[in-house]
Amino acid sequence: MNGSWFGALEPTSYSFFSNPPGDHRVCVAFQSGLKQLFETAAAASLRAEQGNVHYLRVLGAKNGLLLKLVDPVEGPLLLESVDLSTAMSKKPQRADSA
């Protein structure tokens, strides 16, 4: 979101994060060793409002990915059928560390 990395998803999983109210840009990218898949990405604009929960869904599309804002009533129902995905940022190991 807004140029910062928040997590990684496996198929049929979800992640969550908090953000301040206001206009934001959310991007997703499919990571793969295959060049044609590595470049697959989608983006959406989101106006976050104080106290509201916003749900976004990543869908496969004919020519890549689609990032879709989900109705707040449908969001909790979609979460019932998927697992929470947790991820940690990979940091390069320094050459002088043992």
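A residue counts as partly exposed when its relative accessible area lies between the buried limit, under 20%, and the exposed limit, over 50%. The legends below describe close-up views of a predicted model.

Figure 1. Leu79 belongs to helix H2, which covers residues 74–79. Its relative accessibility is 30%, and therefore Leu79 counts as partly exposed. Setting aside residues up to four places away in sequence, Leu79 touches Tyr14 and Tyr55. The C-alpha atom of Leu79 is separated by 9.3 Å from that of Thr12, and these two residues are 67 residues apart along the chain.

**Figure 2. Tyr14 in strand S1.** Strand S1 is made of residues 13–14 and includes Tyr14. With a relative accessibility of 25%, Tyr14 counts as partly exposed. Tyr14 is one of the residues touched by Leu79. Between Tyr14 and Thr86 the C-alpha to C-alpha distance is 8.7 Å, and the two are 72 residues apart in sequence.

**Figure 3. Overview of the fold.** The protein contains 2 helices and 6 strands. Read from the N terminus, the order of elements is β-β-α-β-β-β-α-β. Of the 98 residues in the protein, 15% are buried. The accessible surface of the protein is about 8,100 Å², with 54% of it belonging to carbon and sulfur atoms. Among contacts in the protein with a separation of 6 or more, 45% are between residues 24 or more positions apart.

**Figure 4. The largest nonpolar core.** This core has 6 residues in all: Met1, Val26, Ala42, Ala44, Leu46 and Leu67. Strand S3, residues 41–48, gives the most to the core, with 3 residues. In general, nonpolar side chains in soluble globular proteins tend to be buried together.

**Figure 5. Strands S2 and S3, and the two faces of S3.** S2 and S3 are antiparallel and pair over 8 bridges. Val28 has Ala42 as its bridge partner in S3. As a rule, the side chains of a regular strand alternate between the two faces of the sheet. In S3, the covered face holds Ala42, Ala44, Leu46 and Ala48, whereas the uncovered face holds Ala41, Ala43, Ser45 and Arg47.

**Figure 6. The salt bridge between Arg47 and Asp23.** A search of the whole structure finds 1 salt bridge. The salt bridge joins the side chains of Arg47 and Asp23, with an N to O distance of 2.7 Å. Arg47 lies in strand S3 and Asp23 in strand S2, so the pair ties together parts that are 24 residues apart in sequence. Both Arg47 and Asp23 are exposed.

**Figure 7. His24 in strand S2.** Strand S2 spans residues 22–29, and His24 is found there. The relative accessible area of His24 is 9%; the limit for a buried residue is under 20%, so His24 is buried. The His24 side chain reaches the backbone oxygen of Pro20 at 2.6 Å. Apart from neighbours within four places in sequence, His24 is in contact with Met1, Asn2, Asn19, Ala44, Ser45, Leu46 and Ala48. Met1, Ala44 and Leu46 are also among the residues of the largest nonpolar core.

**Figure 8. The S4–S5 hairpin.** Strands S4 and S5 form a hairpin, and 2 residues lie between them. S4 covers residues 55–61 and runs antiparallel to S5, to which 7 bridges join it. Tyr55 has Val70 as its bridge partner in S5. Tyr55 is also one of the residues that Leu79 touches.

**Figure 9. Gly64 in strand S5.** Gly64 is located in strand S5, which consists of residues 64–70. Because its relative accessibility is 18%, Gly64 counts as buried. Excluding neighbours within four places in sequence, the contacts of Gly64 are with Thr40 and Leu59. The C-alpha atoms of Gly64 and Ala42 are separated by 7.7 Å, and the residues are 22 residues apart along the chain. Ala42 is itself one of the residues of the largest nonpolar core.

Methods
Residues numbered from 1 in each chain as written. Predicted model: local features only at pLDDT ≥ 70, side-chain atom pairs only at ≥ 80, totals over all residues. Heavy atoms only, no water. Core = buried A, V, L, I, M, F, W, Y, C linked by side-chain atoms within 4.5 Å. Buried < 20%, exposed > 50% of the residue type's maximum accessible area, 1.4 Å probe, protein only. Helix = DSSP H or I, 4+ residues; strand = E, 2+ residues; numbered from the N terminus. Contact = heavy atoms within 4.5 Å. Areas by Shrake-Rupley, 256 points an atom, 1.4 Å probe, with all protein chains shown as cover. Pairing = 2+ DSSP bridges. Polar contact = N/O pair within 3.5 Å; in protein donor to acceptor, adjacent residues only side chain to side chain. Salt bridge = Lys/Arg side-chain N within 4 Å of Asp/Glu carboxyl O.
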